[in-house]
Structure formats: C-alpha cells, structure tokens
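Please examine the sequence and the three-dimensional structure shown below.

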Amino acid sequence: MPEANELTVFPEGLMSTAGVAYLIVLFAAGFLTNFVSTGTVNTGTILLYLLACFLSLAGGLYLFYPRRKQIAIAALTILAVSGLTVLKATFDTNPVSQRAQELVIYFLGAWPFLFFIQINTPKVRERLLKTLAIGLFGLCAFGIFQGIFANTLPLSLFALRGDLAFNVGDDQFRPTGLTGNPIIFSSILVFASAFFAALWLEKRKVRFLLALISSLVANYVTYTRASIVLAIPVLLLVGLF
C-alpha cells in the first residue's frame with residue numbers, strides 16, 4: 001500500500017477548518033469562558049473538547065495509513081507517553097475522579113497532535129502556522145496589556161470565571177492571558193519565543209522579530225522567574241538547530 005501523502009480520511013477543507021478552529025478556540029477559550037456564558041459549564045471547555053475529540057479521532061484514523069519514519073516515530077512517542085500516563089493514573093493515590101479528569105485533559109490535549117504531525121498539504125500547513133502565529137502574538141499582546149494596566153482592569157480580564165486572581169504584592173494582578181494561571185501562561189510564552197525565533201531566523205522579517213520581543217516582554221511581566229530563565233537555553237537551542 002503506497003504512503004499516504006495527503007489527508008485522505010476526511011476532506012481537506014473540513015480538516016483544515018477543524019484544525020484552525022481548534023487553534024482559535026485554544027487561544028480564545030478564556031474569553032469564551034468569561035464572556036459567553038452557557039450556565040455552569042465553561043463555553044471554551046465545551047468547544048475545545050469537541051474539536052479535540054474530532055481531531056484525535058482523525059489523527060488516530062490516519063495511523064492506519066503508511067507513514068514516513070519521522071511521523072511514525074512522533075506518533076509512537078505520543079502513544080507511548082499516553083500509555084505511561086494511563087499507567088501512572090492506575091497506580092496514583094489521588095481520588096478516582098481526579099485521576100479520570102487528568103487523563104481526559106491529557107488525551108484531549110495530546111492526541112490532536114496525532115492529526116497535526118501528519119499534515120502534508122502545504123496550503124493546510126501554512127494556514128495552520130499562520131493561525132498559530134496570530135494566536136500566539138495575540139496572547140503576547142494581551143499579556144503585556146494586562147501587565148501595563150494590572151491595577152485598573154476588572155477581575156474578569158485576569159482570572160477565569162470562578163477562579164481567584166494571582167497577585168504581585170497586595171494590589172497588583174499577575175498576567176495570565178486568561179489561560180488559568182501565570183505558570184501556564186509563561187510556559188506558552190516560552191513556546192511562543194521559540195516559535196517566533198525560528199520564524200525570524202528562517203525568514204528574517206521584522207514582524208517576527210517584533211513578535212519575539214513581545215513574547216519576551218510578556219513573559220517578563222508574568223513575574224515567573226523559572227520561565228524567564230528557561231527562555232534563554234530554549235532560544236539558544238533554536239539558534240543552533
């Protein structure tokens with residue numbers, strides 16, 4: 001059976017739209033949760049889980065097609081880590097409900113990558129990368145905005161509905177990008193720095209350099225020291241490879 005060079009399980013247009021929608025909801029989930037109410041369940045969580053389930057299903061179905069060695073290794077790595085995660089949950093001492101929740105969050109976060117790693121169509125890949133770049137830059141800009149106006153913005157622009165804000169001192173909120181907490185946000189910003197650095201090194205366009213600087217500034221105003229330090233070796237590795 002010949003190697004599958006294109007996405008053939010579902011129509012290309014459908015998969016491209018689903019992938020873009022997943023990324024958009026991923027970046028906007030906090031805003032949907034706070035400002036688009038659907039009762040007790042977070043709107044962003046519902047949409048994100050539905051799209052994640054669809055992409056995970058598609059990615060799993062693609063595994064039945066022959067794949068290049070690099071893609072096969074990446075897919076096997078995801079599956080192996082998934083198995084270890086299940087094994088850990090089996091022997092964990094936390095309550096069953098908490099272990100089940102952690103597994104659901106892991107699988108709906110990791111398994112969509114079974115779809116993304118198998119994208120071979122240049123047009124689809126370019127569309128997804130552009131969406132990723134815009135979304136990451138939007139988060140960086142929002143984080144800087146939170147940092148500048150930390151003393152004046154309402155709580156709904158700092159913490160998810162039902163959560164408490166993270167403070168610096170007694171009266172200043174720490175930027176979260178509405179991702180949940182500053183640590184999660186700063187981890188995303190480290191990834192954003194690596195992503196924009198790679199784009200700038202490849203294309204040498206000023207907009208990618210400005211996006212890289214914005215990611216570093218946003219990381220700085222989160223007051224998360226570990227991620228600020230982590231950004232240095234990450235950027236060095238991007239420069240080397």
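Which residues are buried in α7? The model is a predicted one, in which local features need pLDDT of at least 70 and side-chain atom pairs count only at pLDDT 80 or more, while totals for chains, interfaces and linings use all residues. Residues are numbered from 1 along each chain as its sequence is written, and side-chain values use heavy atoms, with hydrogens and water left out.

The buried residues of α7 are Pro182, Phe185, Ser186, Leu189, Val190, Ala192, Ser193, Ala194, Phe195, Phe196, Ala197 and Leu199. Here buried means under 20% relative accessible area, exposed means over 50%, and partly exposed lies in between, with a 1.4 Å probe and protein chains only. Helices (H or I, at least four residues) and strands (E, at least two) are DSSP runs, numbered from the N terminus. In general, an α-helix has 3.6 residues a turn, so residues three or four places apart point the same way. The buried residues of α7 pack against α6 (122-148), α8 (206-220) and α9 (225-240).

The length of α7 can be checked against its residue count. The expected span of a helix is 1.5 Å times one less than its number of residues. At the N-terminal end, Asn181 caps α7, with a side-chain oxygen 2.9 Å from the backbone nitrogen of Ile183. A polar contact is a pair of N or O atoms within 3.5 Å; within protein, one must be able to donate a hydrogen and the other to accept it, and residues adjacent in sequence count only if both atoms are side-chain atoms.

Most residues other than glycine have a negative phi. Leu178, although not a glycine, has a positive phi of about 55°; Leu178 is found in the loop between β2 (172-173) and α7. Arg204, which follows α7, also has a positive phi of about 55° without being a glycine, and Arg204 lies in the loop between α7 and α8. Is each of these residues buried or exposed? Leu178 is buried, with a relative accessible area of 4%, whereas Arg204 counts as exposed at 54% relative accessibility.

Ser186 is found in α7 and has a relative accessible area of 1%, so Ser186 is buried. Leaving aside neighbours within four places in sequence, Ser186 is in contact (heavy atoms within 4.5 Å) with Asn219, Thr222, Thr224 and Ser227. Ala194, also in α7, is buried because its relative accessible area is 14%. With neighbours within four places in sequence again left aside, Ala194 is in contact with Val234, Leu235 and Val238. Ala194 and Ser227 are 33 residues apart in sequence and 12 Å apart in space, C-alpha to C-alpha.

In α9 itself, Ser227, Ala231 and Val238 are buried, and what covers them includes α7 and α8. The 16 residues of α9 should span 22 Å at 1.5 Å a residue, and the end C-alpha atoms are 24 Å apart, which agrees.

What residues does Thr131 contact, neighbours within four places in sequence aside? Thr131 is in α6 and is buried, with a relative accessible area of 14%; its contacts are Val20, Leu23, Ile24 and Phe27.

The pockets remain to be described. On a 1 Å grid over the protein atoms alone, a pocket is an open set of points where a 1.4 Å probe fits, with protein on both sides within 12 Å along at least five of seven lines; lining residues have an atom within 4 Å of a point. Grid points are joined across faces, edges and corners, and a volume is the space filled by probe spheres set on the points. The largest pocket has a volume of about 1500 Å³. Of its 38 lining residues, the closest to the centre are Tyr22, Leu26, Leu48, Gly109 and Ile188. The largest share of this lining, seven residues, comes from α1.

The second largest pocket holds about 340 Å³ of space. Its lining has 15 residues, with Lys130, Ala133, Leu199, Arg207 and Phe208 nearest the centre. The elements that give two or more residues to this lining are α6, α7 and α8, and α6 gives the most, with six residues.
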